[in-house]
Every structure is written in structure tokens, then in C-alpha cells.
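This report describes selected local features of one protein chain.

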Amino acid sequence: MSEAPEVTLDDAEVIKVIAAAYDATKWETIVDITDAWLESRGELPRPAAHFRAAALQGVGRFEEAVGWAEMAALTTTQPANPLDPAAVQYYASQIGLGQAYAVCGRTDEALRAYRKALRVPVLQPESLASKGHLRLAIKPKQWRKGWREHEARTLDRRTGKNRLEGVPEWDGKPTDGPVLILHEQGIGDAVLFARWFPMVSERSGHTPIWVGERMFHRYVEALGDIRTAVAEEVLEQVGEGDEARLRLTQGVCYVRAMSLPHYFDCTPQNIPAPIAPAFEREPLTPHRPLRVGVCWEGSKGAYHNFDRSLTLDTAALLWEKPLSNVEWVSLQYGVEPPAGAPFTKMPEGDLLDTAEQVARCDVVVTVDTSILHLAGSLNIPTVVMPPMTVDWRYSGWPGGSSTLWYPSVVVIRRDNARETEAQVRTARAVLESLVASLSFP
């Protein structure tokens, strides 16, 4: 493989455009720009090769992505000084190579690249936080170190903006006022990290206040012993309605939700049990069918959506063959059911409304979305089909048929990013076994 060309000043400006497209998950834009670059010059500098590899995965050209990820990795050397900007480039090249291998099912090679990345000393916040995620996924004995590294995200130029200026951060100790818990990342993460809310209340000595978008508020309040507020208003007041206002005092502090495992020293051995609203669930009886909820698509704007969502034709393998004594329920938010599907459109609402729909189900089959977290927190027998990319939310990557976070969840993996049909057929077989075990004779 030839060496990557040097980056010129003009190249650097183009790479900035590509990096912005990467942050916006505009994969086709990156492919188009690098295609034009290749046509005019016949080669790409290393940073552009790295971004092209990620973009090719995003448009489903997985095998082609491996070659570009290998080029980016092989033309990057590890500097001795972790303060050298090249250390970040080397680390990123190994992460990119690991992901390219992972989505093609080359898990042994992916693990080698990931382990090499973990050995790279980096001090840049974004890369250090990424190391924490990776360590949590593949090094279960190093969770404490992983959570510590993950704290570096608070210094990152993008994620570090999630702060309250003028309000001190919580240090994990008793306080003179309520702890404000700031929401981070996706909907599912709000559900997953809720398990620590009662522990915050117990340790701080005050009812905590969850700060985030209104669509979460009723769900969070239904968990009990917690209040809610909107981020834009929190520095003026927090409370439930105009009549119950709580002025911020000197004793108030805040914590980011994803910092809670760090402050509570979370390991695979002491993960708190999930919590959920106390819905009145209809018991199983011989007089009604089993309700099976299905969700086949994640948020289109998510970075790894190319690796986690199913096409309708593939998802239909779950329900196209009749299953005796089953009522199918759509848990796909905002999507009209395909023609011939045995279910109607899921009612729309806030997170509590969605959780209520999930609670109606006896079994859930889903891809990697918030539906997994809602079903798992309700202890509903659940079959999840995760993506190929490494993720600490699933135990024992790249293998393992369970997740430490939700005991009721069965994990169905696939051999590579293209093998979604086989993954769905296996999920259907597991579903049939679950239905048989739950049905009355």
C-alpha cells in the first residue's frame, strides 16, 4: 500500500468540510467529496481516508471501507509523546479500523485493533472518553478505569457544553440542597441511567431534580421521588408548575447522568436493578392472546443507524408467518405500518405514553433503540438484535447472548452487518420459544 500524501493548506480546508459532514452523519456528502478528490488527484491524505472509511460504512459499502480504514491505520505512526496531536490521529485510525473490521464480521481483527487503541496514551478529551467506552465494552475487569476515562467527555468541545455555568458540580457526597441531574445522549440512556436516581437521593439527602426536555418529564416523575425541570429555565427556577417553585440556593449542585456510574463505582458485579413506572399490567390468562411488540428502526440521525435498523422486508420476517395466539403490537414510533402488517400504527405521545404501550406487551422484539431499555426496565421478556459495532451496553462483545443491564433481555447477534436476515430468523425462532413458554396449554 502506498504512503498517504502530505496534507497541504488547501487540503486542510477540505478536510474541515469533510469533518463537519462527518459530525452531521452526511455520509453521501463525504463519499462525493472524496470521490472527486480521488478523480482529480488519484490519492487521499490520511485524514480524508479515515473519514471516507466511516462514510462508506454509512452507505453500506462495508468491504470497501476496510481498505480505506487499513490505509489510514497503516500510514499513521504512534508518537512517543501523548501530547503530540498525532497521538489522537493514531488512536482514531485504530478505532476506525476496528469498526471497519467489526461490521464485516472480522471480530478477531477488530479486537486486535481495539486493544491496540487502548494501549495508545492520549490526553485529548474526546479520544480519552472514547477509550472509556471501548474499555467498558471489551474489558469487564476494568470498568472503574473505563468510567473514569469516560469523564473526559466533560472537557470535550462538543459534549462538554452540557453544564450549568455558576452552579458547582456534585462530588458524590451529601449536599445542602438538591442535585440537578442533567440528561445526556439518547432516550434509551435516560431510561438506563434512571436506576441511579434513588441512590442520588439517598446519598445527597435531598430529592434530585432531573433536567431535560419536556417529553421525558412525565416518565421521570412517574419513577417517584424525583422532580423535573427544563434546562432553559433551571437557573431561574425549577419545580412542578407555577405554584411549586424552588429557587436555586447555594446548596444546589449538578451532575451529568452518565457520570453516575463513576460516582457510584459501578462494576459488572454491582449494577443496580433497573427501575420503571408502576404500570398496572394485564396478567396473562387463557382468554386473551399474547401481545408481541415489534420495533425495527432507530433514529435516522444516529451515527450508527446504518448498522442497527432493519429494512421493512427484513423486519417482516418476524411477523409474515402466522404465530398462533399472538396479537402483534407496533412499537415503531411515528411510522405507518407496511401494507399487510398485522398491527396498526403506534399512538404517538411522550416517553411515558411510549412506555405505557410497551407495558401492554408480554414479549418485545426490537433493534437497538429506546424500546429495548423501556422493555428491559419493565422486566418484559425481550429479544434484541444489536448492531455489529462495539457497545458497552451489551455484555461480552463480540459474543454473549445477554446484557448485564437487563436480566429479561436475550441478545441475538449476527456474523456481519449484511447478515440481518439470518439475525431476524434467529430472533423469530427465539420468539416462538418464548411464546410457547408463556402460553397456556
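Glu 149 belongs to helix α8, which covers residues 143–150. The model is a predicted one. With a relative accessible area of 8%, Glu 149 falls under the 20% cut-off and is therefore buried. Once neighbours within four places in sequence are set aside, the contacts of Glu 149 are Leu 128, Ala 129, Lys 131, Gly 132 and Arg 135.

**Two further helices**

Helix α4 runs over residues 62–74. Its 13 residues, at 1.5 Å a residue, should span 18 Å, and the C-alpha atoms at its ends are 19 Å apart, which agrees. Its buried residues are Phe 62, Ala 65, Val 66, Trp 68, Ala 69, Met 71, Ala 72 and Ala 73. An α-helix has 3.6 residues a turn, so residues three or four places apart point the same way.

Helix α15 takes in residues 351–359. Seven of its nine residues are buried, so the helix is largely enclosed by the rest of the structure. These buried residues are Leu 351, Leu 352, Thr 354, Ala 355, Gln 357, Val 358 and Ala 359. Their cover includes α9, α11 (217–222), β9 (363–367) and α16 (370–377).

**Salt bridges**

Side chains of opposite charge can pair when their charged atoms come close. The model has 25 salt bridges. Three of them are listed here.

| Salt bridge | Closest N to O distance | Burial |
|---|---|---|
| Arg 153 and Glu 151 | 3.0 Å | Arg 153 buried, Glu 151 buried |
| Glu 184 and Arg 153 | 2.9 Å | Glu 184 buried, Arg 153 buried |

Through salt bridges that share partners, Glu 282, Arg 288, Arg 291, Glu 327 and Asp 362 are joined into one network.

**Positive phi angles**

Most residues other than glycine have a negative phi, and most peptide bonds are trans. Gln 185, which is not a glycine, has a positive phi of about 60°. The relative accessible area of Gln 185 is 47%, so Gln 185 is partly exposed.

Asn 325 likewise has a positive phi, near 60°, without being a glycine. Asn 325 lies in the loop between α14 (312–315) and β8 (326–330). With a relative accessible area of 40%, Asn 325 is partly exposed.

**A buried loop residue**

Is Ile 271 buried or exposed? Ile 271 has a relative accessible area of 16%, which places this residue under the 20% cut-off, so Ile 271 is buried. Ile 271 is located in the loop between α12 (260–263) and β7 (290–295). Apart from residues up to four places away in sequence, Ile 271 touches Trp 143, Arg 195, Cys 266, Leu 404 and Trp 405. Ile 271 and Ala 36 are 235 residues apart along the chain, and their C-alpha atoms are separated by 50 Å.

**The second largest pocket**

The second largest pocket has a volume of about 250 Å³. Its lining is made up of Phe 62, Glu 297, Lys 300, Asn 305, Phe 306, Ser 309, Leu 310, Thr 311, Thr 314, Ala 417, Arg 418 and Thr 420. Four of these lining residues are nonpolar, five are polar and three are charged. One of the lining residues, Phe 62, is also among the buried residues of α4.

How values were computed. Residues are numbered from 1 along each chain as its sequence is written. This is a predicted model: local features need pLDDT of at least 70, side-chain atom pairs count only at pLDDT 80 or more; totals for chains, interfaces and linings use all residues. Side-chain values use heavy atoms; hydrogens and water are left out. On a 1 Å grid over the protein atoms alone, a cavity is a set of points where a 1.4 Å probe fits but cannot get out, and a pocket is an open set with protein on both sides within 12 Å along at least five of seven lines; lining residues have an atom within 4 Å of a point. Grid points are joined across faces, edges and corners, and a volume is the space filled by probe spheres set on the points. Ala, Val, Leu, Ile, Met, Phe, Trp, Tyr, Cys and Pro count as nonpolar, Asp, Glu, Lys and Arg as charged, and the others, Gly among them, as polar. Helices (H or I, at least four residues) and strands (E, at least two) are DSSP runs, numbered from the N terminus. The expected span of a helix is 1.5 Å times one less than its number of residues. Buried means under 20% relative accessible area, exposed over 50%, partly exposed in between (1.4 Å probe, protein chains only). Contact means heavy atoms within 4.5 Å. A salt bridge is a side-chain nitrogen of Lys or Arg within 4 Å of a carboxyl oxygen of Asp or Glu.
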